[in-house]
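Please find below a colleague's note on the structure shown here, arranged as numbered points. Each point takes up one topic and gives the cut-offs for its terms where they come up.

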Amino acid sequence: MDSVEAMDISHNTPSSNPQEEVNKDENELENIVRYGYRSACSQITVAVAQNFLVLALGMSYGMPTVILGALDNKVATNQTKIDTPHLIMNDEESSWLGSILFLFHPVGAVISGYLVDLIGRKVVLIIVCVPYFVGWILLSYAQSVGTIMVGSMALSIGLGFCEGPMYSYLGEVCEPRIRGSLTLLTAVSGNMGLLITFFLNALVPWRTTTLLSSIIPLLAAVMLFLLPESPVWLISKGRIAEAEEALRWLRGWSKKDKVRAEFDQMVRGIQKSSKDANKNNMSKIDKIRNELNNFKRPEIIRPFNMLIILFFVTVISSFISLRPYLVEIFQTFGFPLKSEWVLVLTSVLGITGSLASSLTVNKFGKRPMTLWSMAICFVFTIALAICAMNVHWPGWIPLTVFCVCFWISDYGILALPWMLMSEIFPTDVRGVACGIGAGINSLISFFVTKTYVDLIHWFGLHGTLIIYSFVMVIGFVYVYFYVPETEDRNLQEITKFFAENGSAREFKRPNTKNACDKVSEATMKEPQDAANNYKDEPENTIRYGFRSALSQVMVAVAQNFLLLAVGMSFGMPTVILGALDHKVATNQTRLESPDLIMNDEESSWLGSILFLIHPVGAVISGYLLEIVGRKKVMIIVCLPFFFGWMFLYYAESVSFIMMGTIAMGIGIGFCEGPIISYLGEVCEPRMRGALTLLTGVSGNLGILIIFFINALVDWRTTTLISSIIPILAMIMLLFLPESPTWLISKGRISEAEQALRWLRGWSKKDKVLLEFEQIIRDMSKSSKNLNGNDTKKVSKIEKLKGEFNYFRRPEVTRPFNMLMILFIVVVISSFAPMRPYLVEVFRTFGLPIDPEWVLVVTGVLQINGALVSSLTVNKFGKRPISLWSTAISFVASLLLSVCAMNLHWSGWISMTLFCMCFWISGFGLLTLPWMLMSEIFPIPIRGVACGICAALNSIICFLVTKTYTDTITWFGLHGTLFIYSLVSGLGFIYMYFCLPETEDRTLQEIIDFFVENRSAREFKRPKIKKKKSKEVDKVFTIVTE
């Protein structure tokens, strides 16, 4: 640091008051500087290259599970005991192998903590590849337990060497806006390493797995050579020119003047840290002593203590100590899958959890995500303890609980301390502190892993899990009171928080909307101008806050009880055909109810009649909801659902089953139009996409519920339980307000205003006035477009003719045609024709799980996909999500077609592809047309158009489902899947050229797009932030004048 003290940066800093300039930079610079796309790409490139090393780290953590799963004396096969008796491990040796990875970890961690400051972050990251490679080679050629232990020690030292420099490097090279997400990518890569190890282990012997694993550190070394060194470290060594070049590289090779402000801030920050550490004219021994004394400083000791507590809670909450013994634990619970494939499944869940975390951390923040995760993990760990006390329970129950625990721990718990470690320490000790922190984490991991076997002997598995859940409660309380929210905070602000011992609950994310609030206050001085500004884009600018969001969420939740009934109705044919179709019915069923066994023709009608009758309800509801209102139609629709389930429960013939199905088909048709219309009219644009997507979640949840009930009880009991849902839906819907748009169309202005105030969190009249007047203006404009300027009263027949003529207008025909094409693509790409026959299809592919439980898995995946979609649609937009989903569906369908031509392949391959298809359909395909339907039609015709579209969608579903058995007869299963993949490919091309991005667009802007027949690729999301910044500039100009 000596050279830093002597540096002169006065050429960029006003000499009149340098201290004021420094303070200004420290508090504001990192929040202001934004480099754009190229900078983000450079930093992502760094993260990807570095994450090759994290892959090696993750694979090392999976090593004990792989080796103990093959060589532990309690689970080793007889063949293994005969072939390699000298490698079979007893309990003591197993406990050492499971924990030794953490024991030697601190050796590398502490050494690397000093090496990163001596020779640089990049060089240490390259050096660390050596112990990884040597460790894997020793394991691959091991001929004794001692050699295995030595190989594990080498991997352990590698783990310790890499974690400190890795997180120091990321914390120093990334901008604050993407630091959290890129740090979380390390968790994704670590889980990917686990997945690779477990997947290889499921396919090849453990020796081959270790040999293949040795390739990764070699690739990592090559990738790391291409990275620049940390600019912070280069500045600390006085290598200013190199530091500036490195910073330009990391900011997308920006020009010098563009990075100058950030670079000068780095120099000042290091100068300040250097002065605080008082390292001038010290020997190396004195510097080491001084660095250790630095740990007494509050800005170091407080975050350090917090980090150690978090590491202890994290290690226990995320089941680190259980992982080496997972194969044995899975066998204890009696899981219905092979243990090797359960390991693969848990790794996949870890990856999806980490990915979801990286996508949502900037939206939700680190602190809320951790609190949610700990609370959920506590509940499910208690559930696991109960399962451990009753191991005779079905293995699917503990498997599901384990899956939730692994997903949620990777989503919020495991990632937290590592994200914080890259942010909370001052620059001058960050490398050492990160190394020591990683080392202590390893000691904690060693301690809890080594004592796991003892805990099992003392308290049993259930007692051990209860102890872990108790630690989670303590961790939740600690995080709530002591862990600050560091998201969107610069490093200096975080250091200042610990130095001043601030309150964690008061240290919140910076409010970036303050400038916008000032603009609002300025415009209020000129109300007429403000009104004119709102007149054009009211929905984009009006923000009501939390209470409004809560009201709209309550509406969506209440309405989604009805969608549960819809989802359960769609799952009904699969349940009944899985029990009564003549190809799959059991002998017991044939004896008890021979009159209900269905032939191929009856099965094809049951699978498709739901969609044939659907249009009847859809068309009628399209007119009814304009006459009696959205709310009343949704209440009325509960009746056919209830009667349908009663018909099915008491059915004594196939005809009764058909009658019940017809009733539910009418119910589905009745509800879809008013549901979509209602949501489109009552929601703010900022929430419309996410809340509309919740309809997809609820529909999938309904499918999951009926499949889960069917897996536990017989089909009659399933239908009886299902009849409860429409009754609950009716009760919930009674409490909702009517649509303000419909009330205005009927001249009920005061009721409309009251409804809008309810929907906006019972806001005051003056707060909803602008939006209310805008709705009236839009209604008036649409009414004039429908009727012209003629104000004469027209008869109902003439009005009906006018509505049909309105369908010839471009703002109706163009979205209508687009929607029909999308429905065809979505119905086929999401395997809708195949769903009634899934039990038979799964058996044809020879899936390794009972078809009833595969149905449950697909239901869970669709819910997960729909939830992820609702969380990310506002971030990514509808158009990109739809394009990604269609492309992935195309590839997966094509691969399934290949699998259908090779039915001797492992059933796990087909099951994985099916799971991918169902997840991606829930994520992007199934929800797209329904989201669009709530936005793209003009107000006067919206109800009728939604009803007709829903009806035509049902006809499409009926045709492709009714002809599914014929398609199988003509082309075979592989040919049918190939046709489906072809439709997905054509759908991708159509969406790319013709599908507009409607996210953050007002309803009027969307209508204008279709009227003007603009290019879909040019109709992008509005850049709201730029508009706000212009307003801020105007205010500042006024203030300075």
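1. Axes here are lines fitted to C-alpha atoms, for helices over the stretch in contact, and angles run from 0 to 180 degrees between N-to-C directions. Helices (H or I, at least four residues) and strands (E, at least two) are DSSP runs, numbered from the N terminus. On these terms, helix α43 (residues 838–845) and helix α46 (residues 907–925) have axes that come within 9 Å and cross at roughly 145°. Taking contact to mean heavy atoms within 4.5 Å, the contact is made by L838, V841, F842 and F845 on the α43 side and by G907, S910, F914 and F918 on the α46 side. Sorted by class, the contact of α43 with α46 has 6 nonpolar, 2 polar and no charged residues, where Ala, Val, Leu, Ile, Met, Phe, Trp, Tyr, Cys and Pro count as nonpolar, Asp, Glu, Lys and Arg as charged, and the others, Gly among them, as polar.

2. On the basis of the coordinates: this is a predicted model, in which local features need pLDDT of at least 70 and side-chain atom pairs count only at pLDDT 80 or more, whereas totals for chains, interfaces and linings use all residues. Residues are numbered from 1 along each chain as its sequence is written, and side-chain values use heavy atoms, with hydrogens and water left out.

3. On the overall make-up: the protein has 51 helices and 0 strands. Of its 1041 residues, 59% are buried, a class that means under 20% relative accessible area, with exposed meaning over 50% and partly exposed lying in between (1.4 Å probe, protein chains only). Among contacts with a separation of 6 or more, 81% join residues 24 or more positions apart. The protein exposes about 42,000 Å², and carbon and sulfur atoms supply 65% of that area; accessible areas come from the Shrake-Rupley method with a 1.4 Å probe, and for residues only the protein chains shown count as cover.

4. On salt bridges: a salt bridge is a side-chain nitrogen of Lys or Arg within 4 Å of a carboxyl oxygen of Asp or Glu, and the structure holds 7 of them. One of them joins E244 and R260, whose closest N and O atoms are 2.7 Å apart. This pair links distant parts of the chain, with E244 in helix α14 (residues 240–250) and R260 in helix α15 (residues 256–277), 16 residues apart. E244 is buried at a relative accessible area of 9%, while R260, at 22%, counts as partly exposed.

5. On two further pairs: E262 and R251 meet through their side chains in a salt bridge of 2.8 Å, N to O, which connects E262 in helix α15 to R251 in the loop between α14 and α15, 11 residues apart. E771 forms a salt bridge with R760 at 2.9 Å between the closest N and O atoms, with E771 in helix α40 (residues 765–787) and R760 in the loop between α39 (749–759) and α40. E771 and R760 are both buried. Shared partners also join E244, R260 and D264 into one salt-bridge network.

6. I721 sits in helix α36 (residues 715–722) and is partly exposed at 36% relative accessibility.

7. On individual positions: S214 lies in the loop between α11 (206–213) and α12 (215–225), is buried at 5% relative accessibility, and touches F133, W136 and I137 when residues up to four places away in sequence are not counted. V232, in helix α13 (residues 231–236), is buried at 10%, and its C-alpha is 9.9 Å from that of G120, although 112 residues separate V232 and G120 in sequence. E601, in helix α31 (residues 600–627), is partly exposed at 47%; E601 and T965 are 364 residues apart in sequence and 9.1 Å apart in space, C-alpha to C-alpha.
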